[in-house]
Amino acid sequence: MKIEGKRRIWEEYQKEIADDNYFYVRSCVRQNFFPGSEKTFLRYMAELGKNVFENPSHTTCSGIGYHTDIVPFRTAMTMVARQFALMTEAGYENFVTSCITSFGLYSEILETWNHFPDEEEKTREYLKKATGREFSKPKNMAHASDVTYRLRHEIAARGSVRLVNKETGQPLKVVEHIGCHYSRMFPSKGIGGAEYPYVLAGMIEEWGGEVVDYPERRHCCGFGFRQYLIQANRGYSVAASKKKFESMKPYKPDLILTNCPGCPMFLDRWQYAISEMEGITYGENGQGIPVMTYEELAGLILGYDPWDLGFQVHQVPVEPFLDKIGIPYDTEKKFLDRNGNSMGKPKSPSFLKFY
Amino acid sequence: MENSVIVIGGGIAGITAAATMSGNGLKVTLIERNNKLGGHVSEWSRLFPDRRKASEVIDYLEAGLGETKIISGCSVNGIINHDNSFTVLTDTAGSITAEALLIATGFDLFRAAIKEEYGYGIYNNVITSAEFEEMLDSRAGVLTANGRVPKRIGVIHCVGSRDEKVGNLYCSKVCCVTGVKQAIELKEMYPDSEVYCFYMDLRMFDRHFEELYYEAQQKWGVSFIRGRLSECAENADGSIVVKTEDTLTGKPLKMSVDLLILLVGIVPSPGTGRIAGMLGLKTGEDGFINSVDAHTMDNSSGIPGVFLAGALKGPASVNSVIADARAAAVQAMAWLSTNKTVNA
C-alpha cells in the first residue's frame, strides 16, 4: 500500500470547519447506545475553551424515518428547517451534528435547496405555517467528528495518553469505520472523501496509533437500516458485521474506532451475538476487538476515567485495550452509578471474555 | 512561405499528415512538445489486432517525413491568425509563419486515480494498460509489485469511459480490443495463469476484432465476466480484492487477483484544449474538438486554413487516425492549391 497515494486524496478532500461557537444537535439513539459519548464531547469542548450551545427543544432530524421511507422528504426538510430556526433564534451560524445520518440528511437538504431553490421556499412556507418560525441556513455545517478532528492536536497536547502499547512501545493497531452517510453521498463534505476518509485516521495518527486498512474496510457495519430495522432481515445485519470481523481479524487490530451511531452499536453487540451463536471471538485469548466512538477515545487520551466514558455498557469489554495502553481503572467501580450505587452486573457471556 | 503548413503535434496523426504534405511538395514544419515523435503510440508495445510492434508503425511513418522541418521539445505559446497566414509563437523556436495550420494535438489517457475506488496509486498491484505495455517491453517483464509471476490477473474495461460519475459518457473505442490483446499476451507469457476480463459489453467494431475475441476465449481460455467493477481493496499479501456483479448470472462476485490492469480511456489532451482556446475552435461537451461536419467535413475546423487530424476529435484507433490524418493533409493541400477557395 502506498500511503502517499492516500495522502494525495486526503489533501484533495479538506473542508472548512468552524473554529468556535457551535449549535449542537444530538442523535436520537446515541445516548442509549453509548451514553458517555455526547457528554464527553461537550466536556472536552468546554475544557478546550469552545462555546457549544444546545437547545433541549430540538427534535429528531427524522433521518431514520426518511431512510426507511416512513417520513416523506418534504416533512424531513421542514423538520430540519425547524432545527435551523432554533440555531438562528439562538444567534448561531455553525451547525454541528452528533449523528452521521443527521449530518448526511442536513447535507442532502442543503444541496437540494441549492439546486432547487423553490423547494427551500416551500419549506420556509411550511415551517412558517406550522410553527411561525423562520430560519437562516448554517454558514458552516460539520459533524462532531470533524470538529474533534480539527481539535486533534490540542487534544493530543492536553492529554497524557498515547495509542502505544506500554509493553512493546509499538503503536496500537486501529481500524476505523466511517458511517455511510458521512461522505458517501457527498465526498466533498467529508475529510478525506468517500473512499479513504481521513477524519478518524487523522485522529489515530495524531494520537500515536497505526491505522490498519483491511479488505472489507468499506463494507457495511451491519446496521444498514433495512438490514436491521426490518426484523426478517437481521440475518443480513449479523452477516455483514461478521464479514468485516473475519476480514480485519488477520491484522490483529487492538481497536475499532467509529463515528456513527449505528456502527459502534453493531460492531460491538454483534461480536457478542456471534460469539453466542458460533463460539467465535475475534480478539486474542477469547477477547473481542474493543469498539469505541471517537469521543470515548478522545476522552481516554485526555485522561478521563474510563467509567465516566460509559464503557460499562459496551458488550465487548475494553479492559484489554486499557491494559495495553496502561490506563488505570478500578474494576470495583465499573458497575456503580455516579452516586456510587450498584447498577447491577450483567451475566457473563458464554464465550466472550468478560471482566 | 508559399505552400507552407505548420503541423502542431507529433503523434501518429501529425507525422502522417506532415509526411503526406511533405511528400507532395509542401513546405512543412512539425512542432512537437516532447523530445521525440510518436505520441502515445511510442509508449505502446504492440498494436491490435495483429500484434504488430508499435515502433514499426512509427518508424514507417517517420521515414516518410522527408523534407519536413521537425521542431521537437517545443511548446506553442500563442497563435496569430492573419487571415491569409498564421504565426505560431513557440517557447524554443521563436515565431513561425505559414499559410495553413494542421492541428494534431491528440489525446491523453484517463487519469486512473480519479476512480478512487479502484485504488490506483494506492494499491501496489493496480496498474494501467499503458503501464502494462511498458512492462511488456521491459527486461523484467510483467510481474507483481513484489517481483512474482502473477497467477491470476484481472483486466478492467471502461475505466474512465462510459462513466457518468467521472463525466465521460462516451466510449473510448480502443480499450475493449486492447483488453483482449493484453489478455492474450498474458496467457502467452504465463499459460498457467487465469485471466479475467470484466466488461460492460464488448465493442469489437473493426475488422479482425471479433476474431481476436473468439481466439482469446477458445484458444487461450480467457474468462469474460459481464460486470462493472464496483471497488477494489488490498489483501495482506498485496493481492487485490475485486468486487463486481456478474450480470449474466445476476450474482455478486468477489475474487482476489495478483495483478489488476485498468484499461484507461481516452480524454482530450491539455494541449488540445490550449490550442482550441488560442484559435477559438469549438469543442463538444466531452472536450474534444468539433469539426464543421462529422460526416462530410470532418477535417475542417471552421476557420479557413486550419485543419484537424486524429484523436483530438475523439477516440480513434491507429488505423483510423492514419487515414484521417491523410484526409486532413489532402484537404489542406486542396485548399492551398486552389488559392484558398475550397471550403475549409
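How many residues does the contact take from chain A, and how many from chain B? Chain A gives 14 residues and chain B gives 12, where two residues are in contact if their C-beta atoms, placed from the backbone, lie within 7 Å. By class, the side of chain A that touches chain B has 5 nonpolar, 2 polar and 7 charged residues. Here Ala, Val, Leu, Ile, Met, Phe, Trp, Tyr, Cys and Pro count as nonpolar, Asp, Glu, Lys and Arg as charged, and the others, Gly among them, as polar.

Before we go on, keep in mind that this is a predicted model, in which local features need pLDDT of at least 70, side-chain atom pairs count only at pLDDT 80 or more, and totals for chains, interfaces and linings use all residues. Residues are numbered from 1 along each chain as its sequence is written, while chains are lettered from A and ligands numbered from 1 in the order in which they are written.

Now look inside chain A. Its domain 1 covers 17–144 and its domain 2 covers 160–333, with bounds that come from an automatic or database domain assignment. Their C-alpha centres lie 26 Å apart, and 23 residues of domain 1 of chain A are in contact with 25 residues of domain 2 of chain A. On the domain 1 side of this contact, α6(A) gives the most, with 7 residues; helices are DSSP runs (H or I, at least four residues), numbered from the N terminus. That side has 10 nonpolar, 10 polar and 3 charged residues.

Chain B is divided too: domain 1 is 4–106 + 269–337, and domain 2 is 112–265. Their centres, taken over C-alpha atoms, are separated by 31 Å. This contact takes 10 residues from domain 1 of chain B and 17 from domain 2 of chain B.

Definitions and conventions: Helix = DSSP H or I, 4+ residues; strand = E, 2+ residues; numbered from the N terminus.
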